[in-house]
Every structure is written in structure tokens, then in C-alpha cells.
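Thanks, everyone. I'll take the ligand site, then the packing behind it. Have the model open as we go.

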Amino acid sequence: MADKPSTVYLDNNATTELSHDVAQVVTDMILHNIYGNPSSAHAAGVKVKTIIDAARYGVAQSLGCSSEEIVFTSGGTEANNLAIRGTFAPSSTLPSDVVMSAGEHASVRNTVAALAGPDKVRLIPLLLDGSLDMETAERIITDDVALVSVMLANNVTGNIYPIKEIIRLAHNHGALVHCDAVQAYGKIPLDVHELGVDLLSISGHKVHALPGIGALFVRKGIRLHPMVTGGPQESAMRAGTENYIGIASLATVANDITRRKGNMEPGFRDVFETGILKRIPNVTVNGKDSLRIPNTSSVTFEGIHSTAMLTALAEQGVFASAGSACSTGSSKPSRTLISMGLSEQTALSTVRFSFSNISKLMDVAVAIEACVKCASTLRQGAESGEM
Ligand code: PLP
């Protein structure tokens with residue numbers, strides 16, 4: 001049988017492979033037949049409750065908060081929904097305006113849009129260097145804003161937004177601040193109390209835990225209206241029997257994140273970018289001159305459509321994506337890139353490479369060679385009219 005061609009997975013902002021430790025923990029729980037409803041008083045329930053309590057402590061430690069401030073959810077999307085809907089429900093319309101950045105993930109953008117009419121939503125634009133337009137932020141965060149939702153790191157470019165400054169502005173005007181930290185968690189140090197944020201979302205499958213688990217930090221004293229009603233689980237903010245295997249998987253990663261103080265090595269991204277910028281003409285790394293998380297490269301290959309580039313790269317065994325996973329399959333350009341002022345054509349020539357702390361230096365070398373080969377072949381094809 002022929003060897004399976006090895007693949008280089010550089011789409012870690014979409015999802016990550018399970019870490020070795022997570023795979024071990026999950027397998028052990030299944031093999032040792034750990035089960036029980038944590039709300040039951042008997043030994044089986046108590047055992048699972050103990051696992052959840054320890055996990056909650058571990059996740060809280062990784063964010064710098066206390067266990068009571070963690071609400072487990074089914075992932076980043078639900079955490080974002082709970083933060084936004086939970087602030088405003090049960091009324092179906094927002095009592096006041098909402099500010100968000102133009103780069104927000106669909107789970108924030110569409111949730112805000114579903115609750116508020118367009119006249120209630122104020123957008124903080126992005127600048128060409130990938131940063132937030134803080135002058136506009138200062139102007140539009142006013143006393144009639146109830147909630148400000150700004151992500152910590154953008155999923156397309158990896159740019160880090162100045163959330164501390166946003167919080168200062170918002171709190172000066174009495175608004176709550178929600179922060180989608182799904183792409184920042186595990187990549188940069190994160191301490192919710194040091195930031196002063198009110199609500200903050202994380203997701204398991206972006207950091208090598210299982211998919212279908214996430215958490216929302218809810219600052220002590222804030223009560224969110226539950227979106228899912230039923231039992232009193234998760235401080236009555238998220239009903240339903242807990243996904244304890246998912247929760248244990250998230251805690252396993254959280255403990256590792258605490259150990260490495262939230263940091264991730266920036267080495268691979270920088271080696272990759274240096275390689276392609278040196279070897280491929282007419283290539284731009286978007287947002288490069290602004291603060292970024294250490295794993296994301298948004299690369300525009302001038303004159304090459306991202307779909308053609310991604311197909312060619314996949315044939316070489318290199319997996320990347322056009323923008324965010326949610327926009328894959330549509331040939332619409334990334335909203336983030338358009339908001340930054342890139343033309344539609346430039347945005348459609350952009351590929352996102354995202355590394356993880358499981359990526360290997362060898363992956364980077366393979367990816368650089370693949371990019372050099374694919375860019376050259378596709379450009380030659382375009383010149384000779386074969387495309
Ligand atoms: N927020 C950001 C910035 C993301 O990148 C994603 C996933 O792509 C999400 C939220 C949604 O997280 P989940 O897939 O866990 O629902």
C-alpha cells in the first residue's frame with residue numbers, strides 16, 4: 001500500500017488537532033467508563049461533579065478569575081450569543097445602542113444584527129494596517145451605548161485590538177464590554193481582571209481541546225438572562241446537563257496555557273513570512289506592522305485567486321484557508337480585509353495560514369516550498385492564458 005502523503009495543516013484558526021494530553025484524558029474517561037449526572041447526589045454524580053469543579057478551577061486560573069465566574073457553553077459561538085443575548089433578553093429589541101468592531105466574527109456580528117436594527121449598531125472601522133480606528137471608537141462610544149463587543153484578536157489577520165483602551169472608553173460611559181477572545185486565548189497572556197473586561201468568550205477546539213465546548217467569563221455581579229432555559233446548571237445562566245468530557249478536555253489545555261503564561265512561540269509564523277517574502281515576488285502580509293497574535297499570517301498573492309492557490313496548495317498537501325472557515329465555500333471576500341480598505345480583488349487573492357504550538361519547523365519549510373511552487377505555476381499559467 002502506498003504511503004499516505006503527509007499533510008501540513010496550517011488552518012489552526014479554523015480548528016486544531018487534539019493535543020496528546022487531551023486525547024489521553026478523553027480516552028481515559030471513555031475507557032474507564034466515567035459517567036454520571038453531576039446534579040445527582042450518588043457517587044457517580046459526585047465523581048463527575050468533582051471533575052467539573054476541578055476543570056472550572058483550571059479554566060478560571062488560565063483566565064485569572066474565580067471558578068464562579070466561568071460558564072461552560074457549547075463553544076465560542078454560544079459564548080458570544082450568551083454574552084450578547086444574555087445582556088439584553090428577554091426583550092427582543094435592544095434598549096440601547098451596541099458598538100462592535102468591523103472585524104467581528106459572524107457569531108457576534110449576526111447576533112448583534114439579529115437583536116438590533118441597523119440604526120442601533122455602531123461600527124468601529126479597521127485601518128489599512130489592520131488596527132482599530134480608535135479615533136472613531138472614542139467618538140461613537142457614548143452614554144447611549146449599552147454594550148461594546150470587540151474581539152481581542154482578529155481571526156483573519158491575527159491583529160490584536162486595544163481592548164483595555166476600549167474598556168476604559170466604554171466604562172467611562174457606563175457600557176458593558178464583551179470580548180471575543182477565541183483567537184487570542186492560548187496565544188497571548190490573558191487576565192480578565194487585569195483587563196477589566198465584563199464578559200469574555202473562549203472556545204476549546206481552537207486550542208487543541210474537543211469541539212463543542214467553550215466558556216464565557218462573566219464578571220462577578222453580572223447576571224445574564226439564560227438563552228437555554230431549564231435546570232439551574234452553570235449558575236442558572238446555561239441550563240442542561242454538562243458536557244463533562246468536553247469540559248475536562250478544555251481544562252487539560254487550560255492547565256497547559258496557565259503553565260506557559262498564555263504565551264505561544266512566534267517563531268514559525270516569522271520564519272514562514274520571511275521565507276515567502278524573500279522568495280515570492282508581489283506578496284503582502286496583511287496587518288504585519290500592527291500588533292498580532294503569533295500564529296496568523298494573512299498573505300496576499302497578487303494576481304492569484306485564493307481558490308486557485310488553496311487548491312494548488314492542497315495538492316501539495318498544505319491546508320490553509322481563504323479567510324475564516326465560516327466564509328469558506330463562498331467566494332465573498334473577507335469582511336475584515338475589505339474593512340481594512342483592501343480592494344475586492346486583493347482580498348480575494350488572500351490566503352490565511354495559521355500555525356499552532358503543535359506545528360513543526362519542518363511544516364514551515366514544506367509550506368514555503370509549496371507556496372513558491374504554486375505561486376510560480378499559477379502566475380505562469382495566467383500569463384500563458386491557460387487558467
Ligand atoms: N469567534 C472567533 C473570533 C472565531 O474565530 C470563531 C471560530 O471560527 C468563533 C468565535 C466561533 O467559535 P466556535 O467554533 O467554538 O463556535
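**Ligand site and cores**

Start with His-205. An N or O atom in the side chain of His-205 sits 2.8 Å from an oxygen atom of the ligand. Keep in mind that this is a predicted model. How much of the ligand does the protein bury? On its own, the ligand exposes 390 Å², and the protein buries 89% of that.

Ser-203 has a polar side-chain atom 2.6 Å from a ligand oxygen. For His-105, a polar side-chain atom lies 3.4 Å from an oxygen atom of the ligand. That pair falls within the 3.5 Å cut-off for a polar contact.

Now the whole shell. There are 14 residues around the ligand. Nearest are Thr-77, Asp-180, Gln-183, Ser-203 and Lys-206. By type, the shell has ten polar residues, two charged and two nonpolar. Which element gives the largest share? Helix H3, residues 76-88, with three residues.

On to the packing. In soluble globular proteins, nonpolar side chains tend to be buried together. Here, the largest nonpolar core holds 67 residues. Val-59, Leu-63, Val-148 and Leu-200 touch the most other members. Helix H9, residues 244-259, supplies the largest share of this core, eight residues.

Take Val-148. Which residues does Val-148 touch, leaving out those up to four places away in sequence? The list is Val-99, Ile-141, Ile-166, Ala-170, Ala-175, Leu-176, Val-177 and His-178.

Last item. Another core, of 28 residues, lies apart from the largest one. Its members include Val-283, Ile-304, Ala-375 and Leu-378. Over to you for discussion.

Technical notes: Residues are numbered from 1 along each chain as its sequence is written. This is a predicted model: local features need pLDDT of at least 70, side-chain atom pairs count only at pLDDT 80 or more; totals for chains, interfaces and linings use all residues. Side-chain values use heavy atoms; hydrogens and water are left out. A residue is near a molecule or strand if one of its heavy atoms lies within 4 Å of it. A polar contact is a pair of N or O atoms within 3.5 Å; within protein, one must be able to donate a hydrogen and the other to accept it, and residues adjacent in sequence count only if both atoms are side-chain atoms. Accessible areas come from the Shrake-Rupley method with a 1.4 Å probe; for residues, only the protein chains shown count as cover. Helices (H or I, at least four residues) and strands (E, at least two) are DSSP runs, numbered from the N terminus. Ala, Val, Leu, Ile, Met, Phe, Trp, Tyr, Cys and Pro count as nonpolar, Asp, Glu, Lys and Arg as charged, and the others, Gly among them, as polar. A nonpolar core is a set of buried Ala, Val, Leu, Ile, Met, Phe, Trp, Tyr and Cys residues joined through side-chain atoms within 4.5 Å. Buried means under 20% relative accessible area, exposed over 50%, partly exposed in between (1.4 Å probe, protein chains only). Contact means heavy atoms within 4.5 Å.
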